[in-house]
Amino acid sequence: MAPVPRKHFDYLVIGGGSGGLASARRAAGVYKKNVAIIESGRLGGCVPKKVTWNAAFIRETMEDAKGYGFDVDVKGFDWRHFVEKRDAYVKRLNGIYARNLNNDGVTYLPGRGRLLGDKMVEVDEYTPEGEKLGTKAVYSADHILIATGGYPIFPKDIPGYEHGISSDGFFEIKEQPKKAVLVGAGYIAVELAGIFQALGTETHLMIRGDTFLRHFDPMIQETLTKHYETGMGMNLHRQSKQTKIEKDEKTGKLRVHYEDSNGAGVLEDVDTLIWAIGRAPEVGDLNLQKVGIKQDDRGFIVADEYQNTNVEGIYSLGDVSGLVELTPVAIAAGRKLSERIFGGHKDSKLDYTMIPSVVFAHPEVGTIGLSEPDARKKYGDENIKVYKTSFTAMYYSMLEHKGPTSYKIVCAGPEEKVVGLHILGLGSAEMLQGFGVAIKMGATKKDFDNCVAIHPTSAEELVTLR
């Protein structure tokens with residue numbers, strides 16, 4: 001006998017991350033639809049990381065203040081105090097997210113959703129604080145969105161891997177580690193390693209190749225990798241792999257056995273080991289096979305350019321679909337989807353090209369469009385012209401140490417349309433947003449040249465390159 005739904009909705013969203021929240025609120029708040037959202041964990045996105053990066057940036061700035069004549073003595077960093085304040089801030093944000101849902105008329109269903117077919121979803125019910133209630137309820141909907149995100153991967157073939165934590169676990173660390181090891185070459189590993197190093201932790205970053213951020217333009221890879229090692233003093237292990245992890249049960253310290261470009265080695269007295277080697281789609285208990293939703297060979301849900309899955313009335317977006325795994329992308333895609341389904345905008349969809357993104361490294365990285373190698377592959381060497389510069393920003397003129405600043409503009413065709421922009425240096429994250437608008441609109445190098453420079457800034461270099 002088929003289950004009887006407790007309630008029917010116009011739109012049922014599984015997953016309360018940024019993309020799910022945005023789509024649910026747009027459908028209910030703007031188009032006045034009857035909407036519910038299912039989430040077993042915390043509502044919202046990646047705010048804690050940026051707050052922690054801010055703390056690391058402030059530590060660096062305080063050290064730099066001495067070069068400007070300030071009598072500053074940085075005595076230390078109270079990690080526990082900071083974590084308490086950060087977590088309280090995140091808790092307030094979660095409360096705001098929940099209130100916003102209520103204000104827009106979205107029903108919040110704490111729990112985990114499981115597809116039953118026939119547009120029905122079974123919810124394993126939780127409390128708003130994330131505790132299982134041991135009860136289940138069934139709901140039905142005309143439209144269902146899967147926006148469950150992803151989860152961090154662990155290297156289960158390495159003996160003792162379980163003694164390490166994931167990148168998510170970084171935010172559960174209550175005491176600052178004196179010695180930390182991070183494994184991974186993507187932006188998460190690079191960001192967390194930079195935070196640890198800036199805050200005074202002895203940091204070891206283990207990467208499989210010779211550079212990190214390998215999907216970024218070579219200028220970014222080479223400049224930032226060099227700065228992390230020689231500028232920040234980070235311990236960088238190239239061409240590395242971990243062979244065994246051991247834990248001293250008395251002290252809680254770890255022993256990391258590894259091999260790298262210098263041979264075999266062991267890191268003793270490690271307080272924290274973080275695996276940041278990738279993420280997988282959060283689909284385990286969704287029961288996708290029951291309704292025949294297609295997945296790719298890595299388990300990501302297959303969705304078309306309009307976020308449709310192969311099952312009519314069921315949609316997917318965000319990290320669970322594996323397209324562009326960025327919070328603002330999921331938000332934009334979620335809003336576009338609701339506009340199409342409920343707002344009558346039949347052609348509403350997110351354009352996944354020319355999406356700006358940043359890495360909150362030390363210093364920051366900003367990028368939009370194609371890397372130089374990708375542009376040459378797409379358009380041909382003869383159709384590509386590259387403008388680039390590296391210099392020392394004025395900020396460092398009063399300091400003994402010098403941080404890097406490197407910019408590159410990749411142009412294609414006789415009109416020199418900007419098809420890629422890559423920037424590294426202080427303020428790059430804020431700087432990229434404005435340039436991103438211009439590039440999305442089809443800016444050419446001449447358009448950049450025609451913009452009057454703002455002096456003295458680092459950004460002016462981008463409109464004066466020759």
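How many residues does helix 4 have, and how far does helix 4 reach from its first C-alpha to its last? Helix 4 has twelve residues and reaches 16 Å between those two atoms, close to the 16 Å expected at 1.5 Å a residue; the expected span is 1.5 Å times one less than the number of residues. Helices (H or I, at least four residues) and strands (E, at least two) are DSSP runs, numbered from the N terminus.

A word on the model first. It is a predicted model, where local features need pLDDT of at least 70 and side-chain atom pairs count only at pLDDT 80 or more, while totals for chains, interfaces and linings use all residues. Residues are numbered from 1 along each chain as its sequence is written, and side-chain values use heavy atoms, with hydrogens and water left out.

Helix 4 is largely enclosed by the rest of the structure, because ten of its twelve residues are buried (under 20% relative accessible area, with a 1.4 Å probe and protein chains only). Among them are V190, E191, F196 and Q197. Just after helix 4, G200 takes a positive phi of about 100 degrees. Helix 1 is mostly covered too, with ten of its 13 residues buried, including S18, L21 and A28.

| Helix | Residues in helix | First to last C-alpha | Expected span |
|---|---|---|---|
| Helix 1 | 13 residues | 17 Å | 18 Å |
| Helix 4 | twelve residues | 16 Å | 16 Å |

**The largest nonpolar core**

A nonpolar core is a set of buried Ala, Val, Leu, Ile, Met, Phe, Trp, Tyr and Cys residues joined through side-chain atoms within 4.5 Å. The largest one has 41 residues, of which F170, V190, F196, L205, F212, L224 and Y228 touch the most other members. Helix 2, helix 3, strand 8, helix 4 and helix 5 each supply at least two residues of this core, and the largest share, seven residues, comes from helix 4.

**Pocket and cavity**

On a 1 Å grid over the protein atoms alone, a cavity is a set of points where a 1.4 Å probe fits but cannot get out, and a pocket is an open set with protein on both sides within 12 Å along at least five of seven lines; lining residues have an atom within 4 Å of a point. The second largest pocket holds about 490 Å³ of space. Its lining counts 24 residues, and E60, D64, H227, M232 and H401 are the closest to its centre. Helix 2 gives the most to this lining, with seven residues, while helix 4 and helix 5 are among the helices that each supply at least two.

The structure holds two cavities of 30 Å³ or more. About 40 Å³ of space lies in the second largest cavity, whose lining includes Q307, L317, S321 and Y352.

Strand 20 (residues 405-412) has eight of its eight residues buried. T405, Y407, I409 and C411 point one way, and S406, K408, V410 and A412 the other. Two strands pair if DSSP finds at least two bridges between them. Strand 20 runs antiparallel to strand 19 (residues 384-391), joined by eight bridges, and A412 is the bridge partner of I384. Seven bridges join strand 20 to strand 21 (residues 417-424), also antiparallel, where A412 stands opposite K417. The hairpin of strand 20 and strand 21 has four residues between the strands, and there G413 takes a positive phi near 80 degrees.

How values were computed: Points joined across faces, edges and corners; volume = space filled by probe spheres on them. Buried < 20%, exposed > 50% of the residue type's maximum accessible area, 1.4 Å probe, protein only.
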